Amino acid sequence: MSTCIIVAAALLLAPALGAPAPAPQVTEPASFGPDSQISASPQSSTTGYRVEVVENGYTSATYHGPYTGTPTTIGAVPGPTTLAASIAPQPLNPTATYYNSKGVPLNPMPAPYTPAGGLGTNGSLPRYMVESDFDFESIALGLYQEWIELDLFHDGLVRFTDEEFAAAGLDAEARSLIEFMADQETGHATLLTNMLGERAPKECVYDYPYTTVREWIDFMQRLTRFGESGVWGFINHLDSREVGQLLAQSIATEARQQQIFRQMSGLTPMDVWFENGWPQSWSWTMLAPYISYCPENTTRLAWQNFPTLHILNNANINRYSPNDTAQDGSENVGPRIADPSVSNITASCENLNVTGYGCGPSVAHNKSEPLSFPGKKVLFQWDAPGQAVGPNNSYVTATSAGVPKFVGWSQQLNLTYSPLTMTSNNTGYTYQPEGFVYGNDGIINGTMAIMLTDLDLFVTPFNTSMLNPHIVALGMYQAG
C-alpha cells in the first residue's frame, strides 16, 4: 500500500491526458521525492520560453532556429577529477556463477511464491530518486530528450496546414494522435524532473531541419530512435532500480511512438526481432545539434559529443527506387546526423499506389526494393573533431581514437564490423555486411547507429560503451 502511495506522489504533477495541448513546461514541485531534503522555489519565467504561437488550434514556441550568440561555457561538464583515460576491461564477475540445471528453486524462499534473489525485493520502501552521478547524468540526458520531443511534436502541428497534412496522407485523426503523443511528453518530463530534483534541466530552444510534413515525420522517427535506444543502453546500469522501473514505463511509450512515426513515414513498423541499446554519448551526439540554446544556468551534461559521420548515399525513404539515391549526400536535408530524407523529389513513392513500391502512411508496407542490402557499397565522409555543437554552441566534438580502420554496425543484439577503405583523410567506403541474429533475422535493418572505429573491439549489449574510446565518428544509417 505504501509503495502505491509513493508512486502516485511522484506523478502528482502529470496533467490529464485528455486536456488541450499543454505549454512545454512543468511546474516545479516544492520538494522532490520521498527522503529528499532538497527544496526549491517555483520558477515562473526561466523554465524555457513562452508558448505564444497558436495555429490550427495548436500551440508551439515563438522561435525555432540556430544560435547566433557567443557561448560563455565550453565543453562537457567535468567531475572533480578524472581517474583514468578509459575503463580497463575486466574478467567475468566472480559471483556470476548461478546455473539451474534442475528447473526448480535451489535456495530457500523468503516468502511464499517468492523465489530467492532479485534486487529491491527485500521489503525496503522504494525511493524514486537518482542515486549516483551516473544516474543523474543519464536521467538528465533523458530529460533533454523529453523536452525536445514535447516541442517537436507540437511544432509540426502548428507549422503545417490541414491541406499539407492531407497531401501527406495524414488526416485530423492522425494529427490528434500526434497531439496525444506530445501530451505524453509532458508526463515524461514531469516524471524525470521529479526524479532529478532542483537541478533538472529546463526546456530549451530548438533548431529543426524539416520543411515538409513528410520530413517532419521522418525526423521524428529518427529522433525517437535514438531517444529509445539511448535509454535501453543505460537503464540496467542505473544504481537506482526504482528510477529504472519508472523510466522503463515511460520508454515503453517512446517505443510505440517510434513505431507509429515509422508507419506514418511509410516504413515497415517492425523490422527487427530485438531493439538496440546505445551508450549515452551516442544519443547525446545525435541530439545536441538540434538544441539551439538553453536558459541561463541550465544543467549541463558530462557525455561526449563525437564527430559526425555522414553517410553520403543513405537511402532516401521517399524514393520508389531507394537504390537511385544520390551518392553525394544531397538527399538528406542537411548535414546533421539525424536529418531526414529530402521529400520534394520527382521519383517519389509518397502517392504511388503500387504494392511493393508505395510509401504513403500505412499500417505496413512490403518493399520490393529494400532501402539497403548486404553487399551495398556505403560511402562516408566524416568531420574532424573540435566542432562547436549543442546548446549555445557550447559543447565540442571530441575523439580519443586513432586512424579509422573499421565500420561498426550497431543493431539488435550485435555490434558487427566491416573493413573501412579510405579514399582520403576524411572519406571512405565499406560494404554492408551480412549476418543473422537467429534463424533468418538479418542483423542490419531499421534506423540504426553506425560508426568508424580504430579497433574491432568485441562488445556485447551490456558493455557497448567500452567501444567509446575507439570511435572516430558516429552516424545514423537508414537500413530499412
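Predicted model: local features only at pLDDT ≥ 70, side-chain atom pairs only at ≥ 80, totals over all residues.
Residues are numbered from 1 along each chain as its sequence is written, and side-chain values use heavy atoms, with hydrogens and water left out. Local features need pLDDT of at least 70 and side-chain atom pairs count only at pLDDT 80 or more, whereas totals for chains, interfaces and linings use all residues.

**Stop 1: α2 and α4**

Select residues 133-159, which form helix α2, and residues 172-196, which form α4. Helices (H or I, at least four residues) and strands (E, at least two) are DSSP runs, numbered from the N terminus. The axes of α2 and α4 come within 8 Å and cross at roughly 155°. Axes are lines fitted to C-alpha atoms, for helices over the stretch in contact, and angles run from 0 to 180 degrees between N-to-C directions. The two helices α2 and α4 are therefore roughly antiparallel to each other; angles over 145 degrees count as such, those under 35 as roughly parallel, 65 to 115 as roughly perpendicular and the rest as oblique. Their crossing is left-handed, a term used if the near helix is turned anticlockwise from the far one by less than a right angle, with clockwise giving right-handed.

Now display the side chains. Residues of α2 in the contact (heavy atoms within 4.5 Å) include Phe136, Leu143, Trp147 and Phe153, and those of α4 include Ile178, Met181, Ala189 and Leu192. The contact of α2 with α4 divides into 14 nonpolar, five polar and five charged residues. Here Ala, Val, Leu, Ile, Met, Phe, Trp, Tyr, Cys and Pro count as nonpolar, Asp, Glu, Lys and Arg as charged, and the others, Gly among them, as polar.

**Stop 2: α4 and α6**

Among the contact residues are Leu177, Met181 and Leu191 of α4 and Leu246, Leu247 and Phe261 of α6. By class, this contact of α4 with α6 has 13 nonpolar, five polar and two charged residues.

**Stop 3: α2 and α7**

Return to α2 and select helix α7, residues 280-287. The axes come within 11 Å and cross at roughly 30°, and α2 and α7 are therefore roughly parallel. Phe134, Ser138, Leu141, Tyr144, Gln145 and Ile148 of α2 meet Gln280, Ser283, Trp284 and Leu287 of α7. Six of these residues are nonpolar, four are polar and none is charged.

**Stop 4: the Cys204-Cys294 link**

Select Cys204 and Cys294, which are joined by a disulfide with S to S 2.0 Å; the term denotes a pair of cysteine sulfur atoms within 2.5 Å. Cys204 lies in the loop between α4 and β3, and Cys294 in the loop between β4 and β5, so the pair ties together parts that are 90 residues apart in sequence. The link of Cys204 and Cys294 is right-handed, with 100° about the S-S bond.

**Stop 5: the strands**

Select the open sheet of four strands, ordered β5-β6-β12-β11 with antiparallel pairing. Two strands pair if DSSP finds at least two bridges between them. The edge strands are β5 (309-311) and β11 (421-424). Three bridges join β11 to β12 (residues 427-431), and Ser424 stands opposite Thr427 in β12.

Finally, select β9 (406-411) and β10 (414-419), which pair in the antiparallel sense over six bridges. Phe406 has Pro419 in β10 as its bridge partner. Two residues lie between the strands of this hairpin, where Gln412 takes a positive phi near 55°.
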